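Please open the model in your viewer and keep the selection panel at hand.

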Amino acid sequence: MAVGEHRPTRLVIDRQALRHNIQTEVKRLKSDCELFMVVKANGYGHGAAQVAQAAKDAGATGFCVAILDEALELRAAGFDEPILVLGVTRPEDAVLMAQARVSTVVADLKWLQEASRYLELTHHNRPLNVHLGLDTGMGRIGFRTTDDLKAALNFLGVKVDDFNFEGIFTHFSTADDPDDTYFKQQVAKWQELTAVLPFRPRYVHVSNSATSLWHAACNDNMVRFGVAGYGLNPSGTAIPETPYPLRPAMQLVSELVYTKRLHAGESVSYGATYTAQTDEWIGTVPIGYADGYERRLQGFHVLVGGQFCEIVGRVCMDQLMIRLPQNYVRGTKVTLVGANGGQQITLQDVADYCGTIHYEIACGFTSRLPRHYLN
Ligand SMILES: *Cc1c(COP(=O)(O)O)cnc(C)c1O
């Protein structure tokens, strides 16, 4: 998709906020615990390479991504740090990953058996780094029984030329929930499964942002720090208190490109769903659902001159209309996410209106929006 550099709509990413969040977390961690910044999905929409650099500057010693291509993107950008792919990769790509020194999650023995065939066919000069995933209750990927885990460990013990058993991990499904009943069950399952390990691998990790913030005692020697690094509360609003203030790094801004006076009885946008009750000023903002600004946001608001202005009529693919308290000149700043004149709109506010979570809003912003970096 073409990037809209000639349109006044952009995501503004504050690198200082990223560094603040990550550095503060790094300082809270025990001295033997590393922080791997999770930069999957283009750094939750913030820009993977830019976030990786800010994270590195703030003390992160590695990165997590979701898919192999995201790992290769970081390698191409010059990052030498450990990179772990959190999703299931293809055994066919074992050689590629070994050559790129990309670590992969492994969820079953069959994957190891298939990958070893590809590795043995090639004169690869380094083993593939693998992290065994344990499913302690997330129900997504990973070993579920001690027998299955032991079989994989035995296989790794035999195939030491092919694989380096670099890590073991699990993922919690309710670390952001004030009720820790299920969390505790997962911890118990983790302890039961890991009891069969013959030795501790280099990385033992269980913590996403929520676990690291609210259950830090569980952190072993690495945390997979994601959403909180971007300055967003992992729980949304369920657990309002965080150990330190998180600074949101992302703003979404645009400008008024057109204004007009609408007369009572005249309507706005597709379906004519909004009709002016009195004469009023209407402004047009060049952003729409093709940018990831969802169509469901009709009736929500943006900020102009420190005032909340309602989005009237349907959000179009590339444009939307707002009701203004007065006429403004073309080029007046419009804030869709962020602070403006003492007021603010958070990604959480947008997510609440859409009935979803801020994660989905942040990574839903499309590549048509240019990312501009501050600090
Ligand atoms: C995405 C992800 C994380 C990061 O989660 P946050 O809630 O953003 O901190 C950590 N671990 C795994 C396995 C993930 O998929």
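The stops below begin with the overall view and then turn to the annotated positions.

**Before selecting anything**

This is a predicted model, in which local features need pLDDT of at least 70 and side-chain atom pairs count only at pLDDT 80 or more, whereas totals for chains, interfaces and linings use all residues. Residues are numbered from 1 along each chain as its sequence is written, and side-chain values use heavy atoms, with hydrogens and water left out.

**Stop 1: the whole protein**

Display the C-alpha trace: along the principal axes, these atoms fill a box of roughly 80 × 45 × 40 Å. Switch to a cartoon to find 11 helices and 20 strands; these are DSSP runs numbered from the N terminus, helices being H or I of at least four residues and strands E of at least two.

Colour next by accessibility. Of the 375 residues, 53% count as buried, where buried means under 20% relative accessible area, exposed means over 50%, and partly exposed lies in between (1.4 Å probe, protein chains only). The accessible surface amounts to about 16,400 Å², and carbon and sulfur atoms hold 49% of that surface; the areas come from the Shrake-Rupley method with a 1.4 Å probe.

For contacts (heavy atoms within 4.5 Å), consider pairs with a separation of 6 or more: 68% of these join residues 24 or more positions apart.

**Stop 2: the "active site" positions**

Select Lys40 and Tyr270, which UniProt lists as "active site" in an unreviewed entry; such annotations may be inferred rather than shown by experiment. The two are spread over 231 residues of sequence and, in space, up to 35.5 Å between C-alpha atoms. Of these residues, Lys40 is included in the lining of the largest pocket. A pocket is an open set of points on a 1 Å grid over the protein atoms alone, with protein on both sides within 12 Å along at least five of seven lines, and lining residues have an atom within 4 Å of a point.

Centre on Lys40, in helix α2 (residues 40–44). With a relative accessibility of 29%, Lys40 is partly exposed. Beyond residues up to four places away in sequence, Lys40 touches Cys64, Val65, Ala66, Glu70 and Leu86.

Move to Tyr270, in the loop between β12 (267–268) and β13 (274–275). Tyr270 is exposed, at 58% relative accessibility. Apart from neighbours within four places in sequence, Tyr270 contacts Arg314 and Cys316.

**Stop 3: the "binding site" positions**

Select Arg140 and Met317, listed by UniProt under "binding site" in an unreviewed entry. They span 178 residues in sequence and their farthest two C-alpha atoms are 34.2 Å apart, so they do not all gather at one spot. From this set, the lining of the largest pocket takes in Arg140.

The relative accessible area of Arg140 is 56%, so Arg140 counts as exposed.

Finish at Met317, in the loop between β16 (307–312) and β17 (320–324). Its relative accessibility of 42% makes Met317 partly exposed. Show also Gly288, Tyr289, Ala290, Asp291 and Arg368, which Met317 touches when residues up to four places away in sequence are not counted.

Terms used. 1 Å grid on protein atoms, 1.4 Å probe; cavity = no way out; pocket = protein on both sides within 12 Å on 5 of 7 lines; lining within 4 Å.
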